[in-house]
Amino acid sequence: MKGAYLGAFEELVLLAVQALDDHAYSASLQRVLERETRRAISLGAVHTVLERLGAKGLLTSMVSEPINERGGRRRRIYVATREGRAALKDINAVRERLATIRMAPRRG
Amino acid sequence: MTSVRFRLTHLAAWVCGRGDVAHGQDLLADVVELYGDRRADRGPLRAGARAAWDVITLVIRPAPPRSLPSARSPLMRSLTDEARQAWRAVRHRPLVSLSAALMLALGVALTLLTLTVVDGVLIRPLPFPGGHRLLAVYDEFRPESGLTFSRFALSWPEYLDYERQSQTVDLAAFAPAGLNLSADGTGVERLIGARTTSSAFALLGIAPALGRVLTAAEDQPGASCVAVLSHELWRDRFDSAAGAVGRTIRVNGQACEIVGVMPPRFEYPDERARIWLPLTIDRDPNIRGNHGIAAIGRVRDGSSYAAADAERATLMTQWAGADPHHKGHGIVIAPLAADLAGDLRLPLRVLGTAVLLVLLIIVANVSHLLLAHGESRRRELAVRQALGANRLRLVRQMMFEGLLLSAGGAALGAFVAWLSLGPLIAAYPGTLPRAASIMVDGRSIVMAVAVCAVVGLLVAAVPALRLTKKIATGTGELADRSGHAGLSVRTQRTLVAVELALSISVTVAALLLVQSFVRLQQTPLGFEPSGAIAVSVTAASGAGTAGQVTAFYTDLLARVRAEPGVGAAGAISSVPLAGAPPPDLVMIDGHPILPPSQSAAAATADYVMATPGVLEALGARVVRGRALALSDTAVDAPVAVINETMARLFWAGVDPIGRRVRYPDGVRDDQWTGFGPWVTIVGIVGDMRTIRPSDLPRPAIYVSHAQRPRPPYTGRAMGLVVRTSADAPNLLTSVRTIARELDPQSAVTLVRPLSSFADAAVARPRFMSGLMAVFAGVSLVVAVLGVYGLVAYAVARRTREIGVRIALGATRPRIARLVGAQLGLTVSAALPAGLAGAAGLSTWISSLLFGVAPFDAVTYVAVAGILALAVVAAIAVPVRRAMRVDPIIALRVE
């Protein structure tokens, strides 16, 4: 595996960013992560990881224009970069390879 | 209230956003949004607690580390890692790194210095647009013409014919001239300028900075005098006034209107020219043998040098067929840049090659140093490879180390080179052609970076490949404790052998050049330069008649001789070594008179006008007869003194004293139109070296200045030679005062000790041999350091083995032999290679040698001897150390 090493929570955040597409801002990320992991996740933890991923060049962010609906305020939207998507793909490929090895018959 | 709340939220946003309030507000809005969601599910209290917790975690969240491994480019990341590790490795062994960097600095400094000069003189394009298309145009006399001159002035008919017939070349003619300039009644200034045809300005492609250049109408006879000034003259003499154009100045007493000013660095025909005047084209077809103009050309657009030269060759064949005058004689062309560099091309190429050899020696030595040191890093490299570093990565890291060392060395070296460039050029006592092009600029930086990169990679290449190879092939001993010579020792020996061989070659070449220089300085000049001063004087031009000029010099000399401290004084038209006297056709009484087309081969002798007293002032030796005397006046029968070479060549076995010579007057239709008066030879003077000390003396006639039997020579500009104890500036002042009193229009300039001409004449050999000596010294020291390092390393490595041998009864001399044996092999391989290289180099430089043969056995043996002594001295310390190995201690180390 080449590229950046991803921590478990980093991987989850990155996956969530990818899943939420252009609705990935911190509150929505916190909500979806809390719902899917069934764990209490603080906003600070989400931001810590978002900033780390940003520093690794795996995601980038932009500030959206306010939109005319409830909660349609200005938001910081997070987007996975090419490297970020590649990292997710890499880690997935490794998982699949590892799973194949485990299922192969042992020699000797 | 509102304001307090606003301030509180502002503060909270500031804290959450880490100083970025806008970002903090977004974060707080997220908190509020989540609070809204949760309140619906879990009620305000629990939702509020969660919100508070969110805020706390936001505030205390750790900042991301400054440098996280970036996913941007894995290669880039690994390169920066390697660079960092390389820097660590370099820092980890400061002594090795420092000595390597210093050695490289020395090499880079020498290389840059030499290459900058080579670039400026040989490579840089001329300061004219399309400068590579410019040509030098000469006449040549090949031996079948009876004369041998590779570069001779053209005659007008030749110039005009070539200009008319050539389809590929544009031409301009010029004649360099020393001119006396006066403006508005201020003092007379002696200037170097050129008379030139108007075509020169368009040909060189430079427009005037002010006013206009010369026009074609001004090339014609009878045109009024106009002048174009150089930027320097305009600045210094006319205070850069725009009103200078249109003013009238007096040049050689003639009124000339200033019509234009050229931009700076208009170096035509060379960088000394300060003023340009029209050169009148002479269309008389009968002056084909009157060679007096210089020419430059430009290859026309759409043509090439090769085509131009082919066309010229065809034309010359036609000329030779049509006119016997052109048998073995015609026009030749050469690229101007190469022509300006002239015979400096070979010396500069030799210096460039020598300095690259020195750099190579230094590279080999640093390479050897890193390799020897790398042996002790083998464990580190093996561990890193075990941890997954591949060979490429290790090689790359070591390349980085090399580049770091060479960057450090190059930075220091470039700085030193930059500091010493000015003094180096100033140390060259003659004029270096195109000296203005020798400068430090973007080209130099590119050169420095290129040298640095190449050196860095070269330095690291051998150690990197050698050291990682062993691991890669898997023999992978972590520590070599067996005492066997490691694989790299053989490579080290090879490197040292290369160093020795190269340094032998450079040293032999340097020693040959130094000997040439010494021989050159010991060459008897035929006159005594020390204690004499030369002053350049020009008598009034214009109205002055021949009698006035003679009277001026007679009076001037009489009064100069009366000055305190003056021993002897006289005037001569060509001060020896200050400028070549003109060779002139002379007719010898009793020899048949040949037509002009054939007579050139008959007798040519340097024509020198001299006053009484000048031979004494020069310290020349009168061999027979008498010197010129005051009694040889214009009304007496003309007399002359000749030199020994002339006596030997033209009157072999006969006493020339009392014999007569005369000069032809003019030529028409291959017939002499008349002859001057007979000149009787009254004395023979010892040969003087007049052009360069290395040139064999030519036949010379010293005629009486008062008699001047050859009318074209006016004798206005003369060199005063004064043997004096007074110092130069004082003499200049008194000569100038006297000259002004005698003739207000006269110019007195350029006072120089006669010895400075002698020095300038050997300037190039001195410069060359001095630099080569420095290169040789550096190469020897570095090579010998390499030998020392090799032996010291071998001894340190084999301490245990030596201890065992001593314990088993080996005698000390036996140990010394043991250590020396391997070195013997290295030296015996290096010696023949080095001598062979030296032979090649010497053959190449043989034309620069004087009085010493390129295969001078003594020099070769001496260099081999010097090197042997140096090697013995270098290994003395480590061998002594080996002989004193205490077996107990040596074995205890294990």
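## Terms and model

A residue is called buried when its relative accessible area is under 20%, exposed when over 50%, and partly exposed in between (1.4 Å probe, protein chains only). Helices (H or I, at least four residues) and strands (E, at least two) are DSSP runs, numbered from the N terminus.

This is a predicted model, in which local features need pLDDT of at least 70 and side-chain atom pairs count only at pLDDT 80 or more, while totals for chains, interfaces and linings use all residues. Residues are numbered from 1 along each chain as its sequence is written, chains are lettered from A and ligands numbered from 1 in the order in which they are written, and side-chain values use heavy atoms, with hydrogens and water left out.

## Helix α3 of chain A

Helix α3 of chain A covers residues 43–55.

Buried residues of α3(A) are Leu43(A), Gly44(A), Val46(A), His47(A), Thr48(A), Val49(A), Leu50(A) and Leu53(A). Within chain A, they pack against α1 (8–20), α2 (26–37), β1 (59–63) and β2 (76–80). They also pack against α2 and α3 of chain B. Just after α3(A), Gly57(A) has a positive phi of about 80 degrees.

## Interface of chains A and B

Contact (heavy atoms within 4.5 Å) joins 28 residues of chain B to 28 residues of chain A. The buried area, which is the accessible area (1.4 Å probe) lost on putting two parts together, summed over both, is about 2,400 Å² here, and carbon and sulfur atoms give 50% of it.

A salt bridge is a side-chain nitrogen of Lys or Arg within 4 Å of a carboxyl oxygen of Asp or Glu. The rule finds 6 salt bridges across this interface; one of them links Glu33(B) with Arg75(A) (3.4 Å, N to O). On the side of chain B that touches chain A, α2 (21–42) and α3 (44–60) of chain B each supply at least two residues. The largest share, 12 residues, comes from α2(B).

Thr545(B) lies in the loop between β12 (532–538) and α16 (546–561) of chain B. Thr545(B) is partly exposed, with a relative accessible area of 45%. Thr545(B) and Thr714(B) are 169 residues apart in sequence, and 9.2 Å apart in space, C-alpha to C-alpha.

In helix α21 (residues 754–761) of chain B, the buried residues include Leu754(B), Phe757(B) and Ala761(B). The buried residues of α21(B) pack against elements including β12, β24 (717–724) and α22 (763–797) of chain B.

Definitions and conventions:
Expected span 1.5 Å × (residues − 1).
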